[in-house]
Amino acid sequence: MPWKFLKANTKSLLDSGHSDGNYISAKDKDVIVLGGGTRVPTASPVHASRIKSLLQFEILPQPPITRAPDNPWPQWPRVYMLGYGQEEAMAVFGEDPRKYQVLTTKFAGDADGNVKELHTIRIEWVMGENGKPSFREVPGTEKVWSADLVFLALGFLGPEENLLQKLNVEQDDRTNAKAEYGKYKRTNIEGVFAAGERARGQSLVVWAINEGREAARNATASSWVRPSCPKLRLQTESSFCRQSSRLPCSPDRIEDSLNSGVRLPVRYN
């Protein structure tokens with residue numbers, strides 16, 4: 001995985017200037033990156049390693065140069081772009097390393113288990129009977145590529161559906177758990193919450209942090225205020241409540257305590 005390569009190389013560089021040998025070397029190797037789009041941080045340090053060649057396989061078609069009719073402003077422009085990794089590849093090898101509509105079908109290695117080849121076939125995208133795009137292989141387009149180092153930078157297609165289906169959690173058109181942001185991240189099943197990529201799909205880690213905290217906070221509050229929840233005896237030494245008291249299950253009281261950062265040790269009656 002790319003993060004293992006990046007972490008080991010960065011740590012070795014900072015610790016010893018790569019003299020300790022505790023990193024993955026790409027020098028003089030044929031390197032292939034599967035996926036990654038324009039934001040592929042692996043490509044830049046790979047170039048710095050003086051590699052033999054670099055290719056990046058994309059399963060999707062090459063984006064248009066300008067916005068398509070179904071991609072108006074202010075949507076994110078789904079157009080052909082060059083990330084810094086591709087720009088460096090063009091400077092070194094003279095062309096964009098990306099190969100579009102390529103499906104990897106096989107990894108081949110040597111007797112020691114080291115990868116040596118990638119087998120691929122070209123695909124084409126068609127509209128399926130369900131109205132969603134799908135791909136099919138193009139016969140006669142099989143190809144074998146030399147590879148000494150392969151990075152998996154594959155995109156996020158959706159959460160694993162097995163658990164969602166067992167819990168009967170409603171899903172959206174992208175197979176994510178249907179949970180509205182700002183509404184406690186509740187799903188259609190009482191007591192089941194979803195956050196981050198499980199509910200939003202592929203996004204930034206800051207969203208995962210924000211939604212994870214929100215879901216955890218409100219899942220806790222929900223467990224306290226459900227109709228079936230017994231009254232709580234709250235005990236704390238803080239100024240918020242210095243004496244043990246018997247309080248009703250008040251959402252406002254619970255939420256205020258959570259937002260203020262006051263820790264309320266809880267004991268059920």
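Predicted model: local features only at pLDDT ≥ 70, side-chain atom pairs only at ≥ 80, totals over all residues.
Three aromatic pairs were counted in the structure. In one of them, the ring centres of Phe5 and Phe151 are 4.8 Å apart and the planes meet at 65 degrees; an angle over 60 degrees counts as edge-to-face, and the pair is therefore assigned to that class. Phe5 belongs to helix H1 (residues 2–16) and Phe151 to strand S8 (residues 149–153), so this pair ties together parts that are 146 residues apart in sequence. Phe5 and Phe151 are both buried.

Another pair is formed by Trp125 and Phe135, whose ring centres are separated by 5.4 Å and whose planes stand at 70 degrees, so this pair is likewise edge-to-face. Trp125 is located in strand S5 (residues 115–127) and Phe135 in strand S6 (residues 133–137); the pair therefore ties together parts that are ten residues apart in sequence. Trp125 counts as partly exposed because its relative accessibility is 29%, a value that falls between the limits of 20% and 50%. Phe135, at 35% relative accessibility, is also classed as partly exposed.

A charge over a ring was identified as well: Arg200 lies over the face of Trp207, at 3.7 Å from the ring centre.

Helix H1 also contains Ser12. With a relative accessible area of 1%, Ser12 is buried. When neighbours within four places in sequence are left aside, the residues in contact with Ser12 are Gly17, His18, Asp20, Gly21, Asn22 and Tyr23.

Terms used:
Residues numbered from 1 in each chain as written. Heavy atoms only, no water. Phe/Tyr/Trp six-rings, centres within 6.5 Å; stacked < 30°, edge-to-face > 60°. Helix = DSSP H or I, 4+ residues; strand = E, 2+ residues; numbered from the N terminus. Buried < 20%, exposed > 50% of the residue type's maximum accessible area, 1.4 Å probe, protein only. Lys NZ or Arg CZ within 6 Å of the ring centre and 35° of its normal. Contact = heavy atoms within 4.5 Å.
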